[in-house]
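This report is meant for someone meeting the structure below for the first time. Please keep the sequence and the three-dimensional view at hand while reading.

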Amino acid sequence: MSIKLAVPAETDFEEVAEWIEAFDQLVDEEGTSRAANLVEALSRRAQEAGIHLPVRLNTPFVNTIPAQEEEPYPGDRQLERRIKSLVRWNAMAMVHRQNKKDAGIGGHISTYSSLATLLEVGFNHFFHATYGDQPGDFIYFQGHASPGVYARAFLEGRITEQHLQNFRHELRDRPGLSSYPHPWLMPDFWQFPTVSMGISPINAIYQARFMRYLENRDIIVETPRKIWAFVGDGETDEPESMGSLTLASREKLDNLIFVVNCNLQRLDGPVRGNGNIINELEAAFRGAGWNVIKVIWGEDWDHLIARDKSGLLLKRMEEDVDGERQNFIVKGGAYIRKAFFGKYPELLKLVADMSDDALARLRLGGHDPLKIFNAYKRAVEYKGGPTVILARTVKGYGLGSAEARNATHQEKKLSDETLAVFRARVDIPIPEQAAHDGAPYLPPEDSPEIAYLKERRRQLGGYMPSRKVPAVDFEPPPLEYFSEPLAGSKGRAVSTTMGFVNILRHLLKHPKIGRLIVPIIPDEARTFGMESIIRQVGIYASQGQLYRPHDQDMLLYYREEKDGQILEEGITEAGSMGSFTAAGTAYSNYQVPMIPFFSYYSMFGFQRVGDLIWAFADARGKGFLLGGTAGRTTLAGEGLQHQDGHSLVLSSTVPTCASYDPAFVYEMAVIIQDGMRRMYQQGEDLFYYITMYNEGYAMPSMPENCREGILRGLYKYQAAASGKASVQLFGSGPILNEALRAQGILAQKFGVQADVWSVTSYNQLRREALATERWNRLHVSEPEKRPYILTALEGAEGPIIAATDYMKVVPDQLAPWLPGRLVTLGTDGFGRSDNREFLRRHFEVNAESIAAAALSRLAREGNFKVSRAQKAFEELGVNAEKMDPAKA
Ligand SMILES: Cc1ncc(C[n+]2csc(CCOP(=O)(O)OP(=O)(O)O)c2C)c(N)n1
Ligand SMILES: [Mg+2]
């Protein structure tokens, strides 16, 4: 038997040795599965006897795949080593040269140095660019390893030396290379934004699940396609990295492979100086049901293990903490001899014939192509669940004095000496001075290494990464398709949330695009009244429904199906964003224009998962985010942690997000219909954030000629009943009703005429105005253009009172174009538990406050008597001395 067990020191050695000998014999004679049965039976017996065995999630600190089970390496190792050296040189040289040229421009060397072999084995033997006519594997690269990915693309002839010269110089020269993987900046190259730690692991898990969803729904054909996520060991501290592991095993995602680059370091220092990150991750992943493959030791160690008859070496391997393991790399061979082998005299003997240099060169698993190849092969062949490969590497591998040092992450420029040593060791045929300057090196096209590299990629279907967007073949349903939502509710009290559900139901029924719709909900379907949708299209359940739901006799029962359409995510907004991202980028990744509608509690959207939304935008994601239970005063009763008055502020920060705050269902239908047209037919890279509220009121039918205004952000909804208006009232969402009520109060009680406008998007209005203003600034000799907000308000006189269920800064976005006219009422401050009437009074966004604000303004302008205005405050119940809600 080749794996020796470390001898437990505290037990009777002879007795243990006898048991082990007998066990070894059983393994040799009857095989591993019999042996496993025996251990299982013994452990059961022990439990029956009341013996509490500790739960062990860790296996011995050795490679999961024993040497005798390894398959020989299929490639030309010498050529592959040469290619890897060339990639490493060019990656290093690029960053080095750029920092010489432009000190402080940044870039990273050490992450890729530790990852190089892990990536190269993948590129040469595993990463499929295509499977027949289907798209191939997806690879989530560690963001900080991007120099290595560029350097390989350079050897492949996909990017030029000019690109390398423009690394992190995206603005001054063309073509530029972006710092990290950003599809927004390099849309033909990068597929997945990964550099914000934790985003790649969670997105990879949900991507793997979404791939199965598409397969189970017969939208794509099943292929052996894999999702590879290269993750930093430090990165695993992010909750997003580890928070969804059980989904992957529950869903049996054997299309998913994580490779954790266990260089034991993060930015500041060791990941677990006082512990063992590989063991910690092994336990966590195994506990979560993953197949774990540890790749700790390289071939050199196999020889030592084979020569160690006592098992003491294996015991010694387990003993150190990671901070000490780092010392072994930094301090070199003599230190390894003394501190590692020297702990036990028997081990010193084991390496007596090896020089200090040879000890320092003892290779670790993550730098050994044979070990990596075997791990990848097992991972690819593994059935029934996801695999994680924990690969032990050295941060800054091969960078001489920078290797494994705490500061290595930030290393950008190398010393002349380091460069010279590296150049000589890997034999880069360029003059010494060129090497010092960080010149790249590209071997001739017909050199064996370039021919080999290209041939390997040809066999695997092409170059990676590569992002493609197919020609558009999409037609949205015409607006008339939504005739029911457009027709109004005939007096029935309906909320915009109910209206949205109705629109979604219509969309799901559409003969062509119905199947492309992906409703995503984090356990809020009932909150939004979506039970009918569950009945209509079912919840996706990869195993089908294994039980008879208790409510099956009811019309709207909880229906789960293997080809169900709804992604009911449970309580994970981050996970739902993972699905939203997979679905919203499917038009490119799977070449099918899936249209996600992710409905969530608006408070738990942008502020909870804002960084995932930002990455979604970077990935050129499309789709609709629906912030439900919107509005700080419209969501009654729930209080401070639930009442959202600021998601529209946050959504305005994302450049490709179009934010809307509709009051009526027809507005919503217009926005969604046009959104599908722009995103999927016109191919625009944008997505939508739409608020939806739970206050019911009669929904009017769509008036004539308001479509453009709805989409641009504002239209006059109800003109003053008699005479010309001297005040303009802006309202959004349900607060539009307060504006309408204020219009009545002003006319009836105070003889003041007001127009009421529905403002569907302050943000769209602002963006258009900014763009127009910029054009005017830059084209000074040409006639000035007018922003839409000004043309729309042509002839509308008097002050503007804008009331919103969101913060005042939302309407204030228009202040530059409405000088001296704009008075904003909004919901700044923390929410409270109470009903709408009290909430709106508290936040001063009720009709009375709107009317009072109008009178106050008119009085200040000399167009209304001050004493009458003061009296009006009393009549309207507006307390001038009450506390400012912004501070309450
Ligand atoms: C969310 C987030 N926080 C912080 C950073 C800054 N940062 C970049 S790399 C890094 C350390 C990465 O360590 P590890 O994941 O172990 O990767 P390695 O470079 O060691 O392979 C940090 C903290 C970031 N990119 N994203
Ligand atoms: Mg690390």
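## The ligand and its surroundings

In this predicted model, an oxygen atom of ligand 1 lies 2.9 Å from a polar backbone atom of Glu235, a polar contact being a pair of N or O atoms within 3.5 Å, where within protein one must be able to donate a hydrogen and the other to accept it, and residues adjacent in sequence count only if both atoms are side-chain atoms. An oxygen atom of ligand 1 is also 2.9 Å from a polar backbone atom of Gln265, and a nitrogen atom of ligand 1 is 3.0 Å from a backbone N or O atom of Val195. Of the 590 Å² of accessible area that ligand 1 has on its own, the protein covers 75% (Shrake-Rupley method, 1.4 Å probe; for residues, only the protein chains shown count as cover).

Around ligand 1 there are 18 residues, of which Thr111, Gln142, Asp233, Gly234 and Lys395 come nearest; a residue counts as near if one of its heavy atoms lies within 4 Å. This shell divides into 3 nonpolar, 10 polar and 5 charged residues, where Ala, Val, Leu, Ile, Met, Phe, Trp, Tyr, Cys and Pro count as nonpolar, Asp, Glu, Lys and Arg as charged, and the others, Gly among them, as polar.

## Thr393 in its loop

Thr393 is placed in the loop between strand S7 (387–392) and helix H18 (416–426); helices (H or I, at least four residues) and strands (E, at least two) are DSSP runs numbered from the N terminus. With a relative accessible area of 0%, Thr393 is buried (under 20%; exposed is over 50%, partly exposed in between, with a 1.4 Å probe and protein chains only).

The side chains of Thr393 and Asn261 are joined by a polar contact of 2.6 Å, and the side chain of Thr393 also reaches the backbone nitrogen of Asn263 at 3.3 Å. Beyond its neighbours within four places in sequence, Thr393 has contacts (heavy atoms within 4.5 Å) that include Ser114, Leu118 and His367.

## Ile521 in strand S9

Ile521 belongs to strand S9 (residues 517–521) and counts as buried because its relative accessibility is 1%. Apart from neighbours within four places in sequence, Ile521 is in contact with residues including Met530, Ile566 and Ser599.

Residues are numbered from 1 along each chain as its sequence is written, while chains are lettered from A and ligands numbered from 1 in the order in which they are written. Local features need pLDDT of at least 70 and side-chain atom pairs count only at pLDDT 80 or more, whereas totals for chains, interfaces and linings use all residues, and side-chain values use heavy atoms, with hydrogens and water left out.
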